[in-house]
Amino acid sequence: MSDTINQASRKGFLVDTARCIGCRSCQVACKQWNKLDADKTANQGTFENPRDLTAALYNRIKFVEKENAGAVTWQFFSERCMHCGDAGCMKVCPSPGALYRTKDGIVAYNKEKCISCKYCVSACPFGVPRYDGDEKVSKCNLCLSRVDGGMAPACAKACPTETLKFGNRKDLIAKATAAKKTLYGLDSLNGLGVVYALEGPPDSYGLPANPRIPTSIFLWKDIIKPLGILGFWGSIGAMLLHYVTIGPKKVDDDTGDKGENHE
Ligand code: SF4
Ligand code: SF4
Ligand code: SF4
């Protein structure tokens with residue numbers, strides 16, 4: 001499947017981390033709109049909860065906690081699918097239509113076409129895809145039905161501080177650049193659909209400085225997989241050629257053997 005993006009009309013998020021107050025309305029709104037079950041969690045000595053994305057948690061607020069002279073400081077970070085312009089999950093998926101690009105540049109999925117191979121997990125530079133109880137891929141789809149209906153995603157609608165701004169990606173970037181924000185995700189992986197204004201280096205939020213799709217994925221997709229397919233059709237072709245030029249194998253009338261030598 002081709003994966004082209006119209007960068008002029010592409011939609012996306014601008015996440016301004018400086019504005020986030022850690023209220024987690026975005027988490028709740030996402031669960032409500034997408035009818036996702038609550039995850040059972042346990043207190044682990046931090047206000048961060050839950051501690052990871054799950055098949056029923058498409059975005060979560062990561063608490064970056066630091067101690068400074070006996071006082072704790074927090075930075076909040078909205079963790080979610082980045083809707084990469086060059087999406088490792090789509091690149092490696094062997095089932096056409098299971099993961100696909102919408103006209104707005106969103107990386108969406110169709111659970112009915114997911115074959116539970118889990119290749120997308122190893123191909124995602126951000127460790128996003130999760131699998132539900134039916135072993136089908138599950139992640140943020142940017143509230144596709146809302147966006148198609150001209151509405152903002154549920155998380156952006158619920159955010160009281162405008163940390164999550166949704167709209168034309170180019171326009172959001174232009175405004176943030178004019179405001180002299182330090183942006184993450186502008187160009188990497190053909191531009192992320194979720195661009196962050198950060199207040200520190202990417203690694204302090206757990207983000208890779210230069211996100212890349214693992215090269216082993218290209219080895220599998222571009223070399224090993226095509227060779228495997230070539231080998232399969234090559235064997236079929238060789239059998240057909242043998243049948244046409246030499247004819248079918250004959251069964252030995254006396255022994256019932258199929259032409260093998262017996263001493
Ligand atoms: S963040 Fe991961 S799951 Fe989301 S589009 Fe990129 S590669 Fe796919
Ligand atoms: S865009 Fe929709 S699906 Fe994605 S995190 Fe926000 S509310 Fe959830
Ligand atoms: S709703 Fe907005 S302010 Fe509240 S945690 Fe989510 S991103 Fe932060």
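**Note on the predicted model: sheet, ligand shells, cysteines**

1. Strand β1 (residues 11–16) and strand β10 (residues 194–198) run parallel, joined by four bridges. Strands here are DSSP runs (E, at least two residues), numbered from the N terminus. Two strands pair if DSSP finds at least two bridges between them. Phe 13 stands opposite Val 194 in β10.

2. On provenance: this is a predicted model, with local features needing pLDDT of at least 70 and side-chain atom pairs pLDDT 80 or more, while totals for chains, interfaces and linings use all residues. Residues are numbered from 1 along each chain as written, chains are lettered from A and ligands numbered from 1 in the order written, and side-chain values use heavy atoms, without hydrogens and water.

3. The open sheet has four strands, ordered β8-β1-β10-β9, with mixed pairing. β8 (164–168) and β9 (182–184) are at the edges, each with a single partner strand, so one side of each lacks a neighbour in the sheet.

4. Ligand 1 is surrounded by 13 residues (a heavy atom within 4 Å). The closest are Cys 81, Met 82, Cys 84, Cys 89 and Cys 124.

5. The residues around ligand 2 include Phe 13, Cys 30, Arg 80, Cys 140, Cys 143 and Cys 155.

6. The disulfide count is zero (a disulfide being a pair of cysteine sulfur atoms within 2.5 Å). Cys 120 is buried, at 5% relative accessibility. Buried means under 20% relative accessible area (1.4 Å probe, protein chains only). Cys 26 is also buried, at 8%.

Conventions. Buried < 20%, exposed > 50% of the residue type's maximum accessible area, 1.4 Å probe, protein only.
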